[in-house]
Amino acid sequence: GAYPVGWLLTKFGLSPFITCWLAGRVCALLSVIIGFPVRRLKGPYFSIATMCLSVIGLAIAMNVPDITAGATGLYLPKLDVDAFTSRTIFYEIMLALAVGITLLCRFIQKSRFGIGLFAIRENEVTAETIGVDTTKMKLAAFALSCFLAALIGGIYAYYRSYIYPETVFDFNISMEI
């Protein structure tokens, strides 16, 4: 989410909070494209594949300087307020997103979509047998998680005001998560 936000901010001068939603959509679309071939992997194989994607993302970010500014990184404009006010604004935005995402997860858990995901988690073959479209559900869950991560990552990038490929695509972040 950091790079679409940074690119939209620096090239088009759009509002940072609009660019976060656009970045979320871009990343959700990319996740569907990437998730389609990866969807058949399970357990540690899926984890290894997603970690490899962060290494590929780093290589792309380092070698496409027109979009990502390459190894020098991308500087974003700051808010025109003092540091304390800026931290307060970003704190409140992140708090609102944390509450909103928690409520969204609770809603999904009780919805038909959530019950389908629960069935897939318990036994994918049985879920397919009872009529759950596992491919569609897995891709939708992958896209939703990427959208939310990109949204938060974009806001965090704007807060930090500097995007560097080795921090955005840090392999250690994937390991810690």
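**Surface patch and aromatic pairs**

Val26 has 40% relative accessibility, so this residue counts as partly exposed; the class lies between buried (under 20% relative accessible area) and exposed (over 50%), with a 1.4 Å probe and protein chains only. The model is predicted: local features need pLDDT of at least 70, side-chain atom pairs count only at pLDDT 80 or more, and totals for chains, interfaces and linings use all residues. Residues are numbered from 1 along each chain as its sequence is written, and side-chain values use heavy atoms, with hydrogens and water left out.

Val26 is found in helix H2, residues 16-38 (helices are DSSP runs of H or I with at least four residues, numbered from the N terminus). Together with Leu29, Leu30, Ile33 and Ile34, Val26 makes a nonpolar surface patch of about 440 Å². Patch residues have over 30% relative accessible area and no salt bridge, and nonpolar side chains are joined within 5 Å. A salt bridge would be a side-chain nitrogen of Lys or Arg within 4 Å of a carboxyl oxygen of Asp or Glu. The areas come from the Shrake-Rupley method with a 1.4 Å probe.

The structure also holds eight aromatic pairs (ring centres within 6.5 Å; planes under 30 degrees apart are stacked, over 60 edge-to-face, the rest tilted). Trp7 and Phe12 are edge-to-face because their ring centres are 5.4 Å apart and their planes lie at 85°. Trp7 is partly exposed at 29% relative accessibility, whereas Phe12, at 53%, is exposed.

Tyr162 and Tyr164 have ring centres 6.3 Å apart and planes at 10°, so this pair is stacked. Tyr162 is partly exposed, with a relative accessible area of 31%, and Tyr164 is partly exposed at 23%. Ring pairs also link Phe90, Tyr156, Tyr158 and Tyr159 into a cluster.

Note on methods:
Phe/Tyr/Trp six-rings, centres within 6.5 Å; stacked < 30°, edge-to-face > 60°. Patch = residues over 30% accessible without salt bridge, like charges linked within 9 Å, V, L, I, M, F, W, Y side chains within 5 Å. Helix = DSSP H or I, 4+ residues; strand = E, 2+ residues; numbered from the N terminus.
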